[in-house]
Amino acid sequence: MQQDPSSLDQLEQRLGANWSNLREAKRLALEKQAQLREALVEFQSEDASIVVFGSLSREEFTEHSDLDWTLLIDGAADPQHVPLARKIKAAIKPIQGKEPGREGTFGTMAFSHELVHQIGGQNDTNKNTTLRLLLLLESCCVSRDEAYRRVIRNVLIRYLFEDRGLWSQSKHRVPRFLQNDFARYWRTIAVDFAFKQRDRGGEGWAIRNMKLRISRKLIYVSGLLGCFRCHLDFTPANWAALSTSKDREQLLVDYLGKVFEATPLEILSEMLLRFPHLAPASRVILDAYDGFVGVLADGDKRERLEQLTEDEANSDEVYQTTRRLSHAFRDGLLGLFFDQESGLDDLTKNYGVF
Amino acid sequence: MRPIGFSTGALAYADFRQGLILARSAGCTIVELSALREPELAPMLDALDDLDLGGFRYVSIHAPSKIEPENEALVAERLRRLLTRGWPIVVHPDAIRDFSLWREFGALLCIENMDKRKPIGRTAKELGLIFDQLPEASLCFDIGHARQVDTTMTEAYLILKEFGGRLGQVHISEVSTSSRHNPLSYASMMAFQEVAHRIPGSAPIILETPAADEVAMRGEIAKAREALPVEGDLAAQHGRPGLSPVRAV
């Protein structure tokens, strides 16, 4: 059965563009995901899902990408989970290129209790916030997905049904509790960039900087747009009907769950497709993103960015080229988010600014 | 008011007579006669003619949860003799191997959705496969099983959305992670309220919660009423339905 073309494919066709780097990255990601599913089949369980994050789940994988994964447990605690996580690590090792990041967020176990219950407050650690929001924004399950789906639904239930403003008859229908956490996470990544710069003495500075400006920014963009879709996709009458429906919890969680099932690039492309007058901005944004993925896919360029020091950056061609891509990406996004004709400027001012 | 009663098996282990006495003592007018283990079935069926069921306006039978394959035809034959009584017969889908033995039970065959230990019949999708084989069968919706399978209550919602038209009766209890039927807790009651509006007020509600005496039984009945409020009673409930879309936190 032939699949419908993705929003990204449709946009590429409409704009007459050629985003070959993105297409190749998606092909590699799907191939790697399939490889993982096959390798991990013996570790399947209804109460624990194996979840991957980062470029692999965003379908922007390159041969040099690292492979971030976690064993997500939603069930009774079991001493066997530790050896299970070790076995998964061993099974993934021959497939992965690089080890998961050194922060210890990935490559181990995570429990649903913290993810669902600790939203905000002292116990919502950096690691917990990261896992929870990445589950929503850039994750993909490579095993049985019952636990994965339950956790995502329960997290969404908290964000949507503890948000009084969402259900009052306000002008906008944007889940502010959820959007605020996306914004908090985005700012946390930006602050942690400065922390890592100090902590690691500048090691890996340039590639982290570019990822922050482009791929990390993209996941915030997709979170923001996902929240805006509640406003754009529901008319006031539809929203009123939903808020009085006894099935509202299932219906809204199902709706938003499906929105965030899409990759960040798909969420962005879907929004850009809605507004043909934004074709110039669309072209700028995705040309820049395609160029960025092309840099990451090029072993020499990536290596250069990984080794570059701050002092060398001003005169480095690879860095300067990538930096210009990041500026184009930013400018295109500003064009999208502050566009008046689509009404996105109003939502951006109300939710993205104050 | 919802009709709420007990499964005799929840009240007295393998002793339907004692279970019946206890159910009556708590003022129940509906009851499920339980023969959860195969050896319990024949004595219970043999006793039915002499059993005092006065005061009960709804009676159902719970067939053994596990039926040895070589006995399936015999068990089905024994239960088939009950059809003239018009009592629903609750059967676990994983106990059935030969669907042809059960088709003629029609709507009196009440297929129960399963807990997570079972390989089939747990979700709406899995139940669909069973109902494909037994197109006339009704549904015994075990809301505790549905919550154990999916704490978000999505499967409960999907089962009722898909098969609500077949709903014959409801089983209610809190089902633990080790699949034990326990008394209703506040958390399970709140969860059950999510889908209560999809259960008609006339549907018989059978408690599978253990209850040692009449006080405990009446307590469980009151909790079941709160967990499954019906239209009109909502204002009296502390839960969310009909009041506010925002969760009580």
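**Figure 1. Ser179(B) sits in a loop between two strands of chain B.** In this predicted model, Ser179(B) lies in the loop that links β8 (174-175) to β9 (181-182). Look at the backbone here: the phi of Ser179(B) is near 65 degrees, a positive value in a residue other than glycine. Most residues other than glycine have a negative phi. Is Ser179(B) buried or exposed, or something in between? Ser179(B) has 14 other C-beta atoms within 10 Å, so it counts as partly exposed.

**Figure 2. Met153(B) has a positive phi too, in a loop between two helices.** The phi of Met153(B) is about 70 degrees, although this residue is not a glycine. You can find Met153(B) in the loop between α6 (143-149) and α7 (154-163) of chain B. Met153(B) has 23 C-beta neighbours inside 10 Å, and therefore counts as buried, because the cut-off for a buried residue is 20 or more.

**Figure 3. Helix α7(B) is largely enclosed by the rest of the structure.** How many of the 10 residues of α7(B) are buried? The count is 8, which is why the helix is described as largely enclosed. The buried residues are Thr154(B), Glu155(B), Ala156(B), Tyr157(B), Leu158(B), Ile159(B), Leu160(B) and Phe163(B). What do they pack against? Within chain B, their partners are α5 (124-133), β6 (138-142) and α6. From chain A, α7 (146-161) and α12 (248-261) join in.

**Figure 4. Chain B meets chain A.** Here 14 residues of chain B are in contact with 17 residues of chain A. Sorted by class, the side of chain B that touches chain A has 5 nonpolar, 5 polar and 4 charged residues.

**Figure 5. Helices α14(A) and α17(A) pack together within chain A.** Two packed helices are described by the angle between their axes and the distance between the axes. For α14 (residues 279-297) and α17 (residues 317-337) of chain A, the angle is about 150 degrees and the axes are 8 Å apart. That angle makes α14(A) roughly antiparallel to α17(A), because angles over 145 degrees count as such. The crossing of α14(A) past α17(A) is left-handed. Residues of α14(A) that make the contact include Ala281(A), Val284(A), Ile285(A) and Phe292(A). On α17(A), the contact residues include Leu325(A), Ala328(A), Phe329(A) and Asp331(A). By class, this contact has 12 nonpolar, 4 polar and 1 charged residues.

Key:
Residues numbered from 1 in each chain as written. Chains lettered and ligands numbered in written order. Predicted model: local features only at pLDDT ≥ 70, side-chain atom pairs only at ≥ 80, totals over all residues. Contact = placed C-beta atoms within 7 Å. Nonpolar A, V, L, I, M, F, W, Y, C, P; charged D, E, K, R; others polar. Axes fitted to C-alpha atoms, helices over the stretch in contact; angles between N-to-C directions. Helix = DSSP H or I, 4+ residues; strand = E, 2+ residues; numbered from the N terminus. Parallel < 35°, antiparallel > 145°, perpendicular 65-115°, else oblique. Left-handed = near helix turned anticlockwise from the far one by under 90°. Buried ≥ 20, exposed ≤ 12 C-beta atoms within 10 Å, placed from the backbone.
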